[in-house]
Amino acid sequence: MLENLSISNLALIEKSELDFSGGFNVVTGESGAGKSILMSAAAILFGGKADHAAIRTGCAFAEVSGTVSVEERLQPKIKALLAEVEIPAEFPLLIRRRITTSGVRNYVNDTGVGAKFLSLLGAMLIDFHAATDQLDLTIPARQLEMLDRFAGLVKERENCRILVGKLQELARERADFEKNNVSSDEADTLREMVDRVEKVNPEAGEENRLAGRYKMIANAKEVLSLCGRVRNALNEAEDSIVDRLGGVHRDLSELSRLEGEGEETEKLLVSCDELQENLNDLARKVEHLADRTDLDGEALQALEARLEELHALKRRYKVSSEEELLEMTSSAKKRLSALDDADACRREFDAREKALQADLKKTAASLSEKRRKKVEKLISEVKRNLADIGFGHCVLRADFTPVEAGATGMDLMELVFSANSGEAPHPLRKIASSGELSRFMLALKTVLADADEIPTVVFDEIDMNIGGETANQVGEKLRALGAKRQIFCISHLAQVAARADHHFCVAKSTERNRTVSRVAELADPVPELARMLGGGASALRHAADLSDSVRKKQK
């Protein structure tokens with residue numbers, strides 16, 4: 001139950017602090033005084049849209065806060081929801097929303113929360129019904145949703161939606177599979193490529209190795225000539241480098257003999273020995289290079305053919321190296337392997353779809369059966385409430401049409417209604433009288449509120465387009481509802497307002513050249529009832545009589 005509502009800088013309301021009680025609370029006032037602002041503040045508090053355009057002109061922010069008591073029967077559900085976001089489960093709840101041009105900050109028990117969480121919490125605590133909900137009421141899909149709420153079938157309905165979601169996800173998965181899978185034409189191309197590459201059988205880095213070998217063989221004569229000249233200079237010609245170095249070694253040996261055991265000449269001899277060994281090693285390597293040089297023309301042709309084979313393969317598949325070619329071939333083999341498994345994958349998709357469709361049909365069939373069992377109770381309850389507000393002889397039924405199982409089950413349902421016996425019933429969407437729709441909505445919402453066990457219900461102008469004795473009946477219905485839960489109602493009818501347990505009046509005035517709306521609970525509602533009846537002495541007497549008559553009936 002909403003115990004307290006504090007409003008700052010919201011539209012025409014500069015500052016308002018209100019305490020509420022249980023029972024039937026009515027809000028009245030002149031048109032444009034700000035009654036809807038008060039109800040908007042309550043909606044904002046419980047997660048409704050908070051637009052910075054609602055900030056009072058000239059102010060930096062608007063704020064709505066309130067304390068909400070929670071009955072013991074609801075506390076376990078509320079505690080579980082609070083635990084999900086680690087909010088202390090302290091009652092009464094303190095809810096606060098601060099609106100600025102840069103955004104909205106939300107708090108529950110002084111802990112920051114998101115707007116979505118606040119909406120979930122609000123849905124457990126309060127139910128808003130505006131006159132515009134009449135149009136919503138005429139939509140068959142919304143009527144079916146209301147039946148499910150009344151019958152406690154929301155979970156079964158949600159199961160249908162989940163199964164449809166899984167089927168849709170499976171369809172996307174299958175589409176992605178087919179999109180990425182190999183077509184028969186592409187498979188032929190891939191097989192041709194794999195065959196070509198495997199026939200050539202390239203090796204990583206092969207071209208670089210062959211190119212070096214090819215260059216060597218192509219220049220074999222020049223290579224052999226140069227090797228011969230080097231060998232001749234080193235050790236084959238008369239007066240070769242090796243021969244000259246031998247003479248140098250003999251002279252150093254003679255120098256060493258003449259010097260005796262001098263260290264200097266010994267070092268020179270060692271250096272000469274090292275030079276001789278290096279020259280011999282160089283000669284051997286040149287000899288080896290010459291031996292490896294092949295003048296075989298057939299070998300050269302074979303190398304040319306192999307290099308051209310590799311070049312042609314890389315040109316065909318637009319790659320620059322054997323590594324890329326091998327990687328492309330490996331990928332092609334994997335895709336071809338996937339193609340071989342495609343039929344098995346398709347069979348698996350079919351099996352999964354069949355199982356989900358079977359689950360959906362079973363779930364939808366069970367939901368449909370339960371709906372048909374519960375709908376008569378809903379109709380009976382609504383008709384009983386309609387009788388209380390002037391439709392004692394109405395006709396009401398639910399027409400079902402079976403459809404293919406989907407997110408809401410396998411039913412279409414539409415309520416058909418006639419206000420008077422003997423008249424043909426018509427779908428609610430074809431009822432032209434807004435007064436009839438208002439009363440029908442009150443009856444239906446009353447039944448739903450009982451089913452949902454929501455502690456606070458707000459009716460915004462539920463009495464629109466009615467009057468006379470019907471207004472008395474609607475007032476009595478709202479008063480009776482107030483005995484079970486906290487009811488708020490914006491009303492323009494004195495017959496309704498007179499039956500309220502608590503009467504709040506919204507008045508607009510000009511202060512310091514600014515328009516201000518103020519809200520106050522009336523200790524004596526008679527003057528306000530008289531204004532609602534048209535004003536004047538006779539209206540005042542009528543209001544007093546109306547108030548006395550209501551109080552006597554309540555006793």
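In this predicted model, 38 salt bridges are present. One of them joins R172 to E169, with the closest N and O atoms 2.8 Å apart. Both residues belong to helix α6 (residues 154–180), where a spacing of three residues places them about one turn of the helix apart. R172 has a relative accessible area of 45% and is partly exposed; E169, at 41% relative accessibility, is also partly exposed.

A salt bridge between R384 and E381 has its closest N and O atoms 2.7 Å apart. These residues are three apart in helix α13 (residues 322–388), so about one helical turn separates them. Relative accessibility is 44% for R384, which counts as partly exposed, and 23% for E381, which counts as partly exposed as well. In the salt bridge between E511 and R518, the closest N and O atoms are 2.9 Å apart. E511 is partly exposed at a relative accessible area of 23%, and R518 is partly exposed at 36%. A network of salt bridges links D148, R157, R371, R372 and D411.

The largest nonpolar core comprises 56 residues, and V382, L386, F417, F440, F459 and L478 have the most contacts inside it. Helix α14 gives the most to this core, contributing nine residues. Leaving aside neighbours within four places in sequence, F459 is in contact with H129, L442, K445, L478, L481, I487, F488, C489 and I490. A second, separate core has 43 residues, including I37, L38, V64 and F488.

Helix α14 spans residues 434–452 and has 19 residues; the distance from its first C-alpha to its last is 26 Å, close to the 27 Å expected at 1.5 Å a residue. Because 14 of these 19 residues are buried, α14 is largely enclosed by the rest of the structure. Just after α14, E453 adopts a positive phi of about 55°.

An open sheet contains six strands in the order β2-β1-β4-β5-β6-β7, with antiparallel pairing. Strands β2 (13–19) and β7 (111–113) form the edges, each pairing on one side only. From one strand to the next, the twist averages 15°. Within the sheet, antiparallel strands β4 (residues 61–68) and β5 (residues 93–100) are joined by eight bridges. The bridge partner of E63 is R98, in β5. Helix α1 (residues 35–45) packs on the sheet and touches β1 (2–10), β2, β4 and β5. The direction of α1 makes about 110° with that of β1.

Methods: Residues are numbered from 1 along each chain as its sequence is written. This is a predicted model: local features need pLDDT of at least 70, side-chain atom pairs count only at pLDDT 80 or more; totals for chains, interfaces and linings use all residues. Side-chain values use heavy atoms; hydrogens and water are left out. Two strands pair if DSSP finds at least two bridges between them. Helices (H or I, at least four residues) and strands (E, at least two) are DSSP runs, numbered from the N terminus. Axes are lines fitted to C-alpha atoms, for helices over the stretch in contact, and angles run from 0 to 180 degrees between N-to-C directions. Contact means heavy atoms within 4.5 Å. The expected span of a helix is 1.5 Å times one less than its number of residues. Buried means under 20% relative accessible area, exposed over 50%, partly exposed in between (1.4 Å probe, protein chains only). A nonpolar core is a set of buried Ala, Val, Leu, Ile, Met, Phe, Trp, Tyr and Cys residues joined through side-chain atoms within 4.5 Å. A salt bridge is a side-chain nitrogen of Lys or Arg within 4 Å of a carboxyl oxygen of Asp or Glu.
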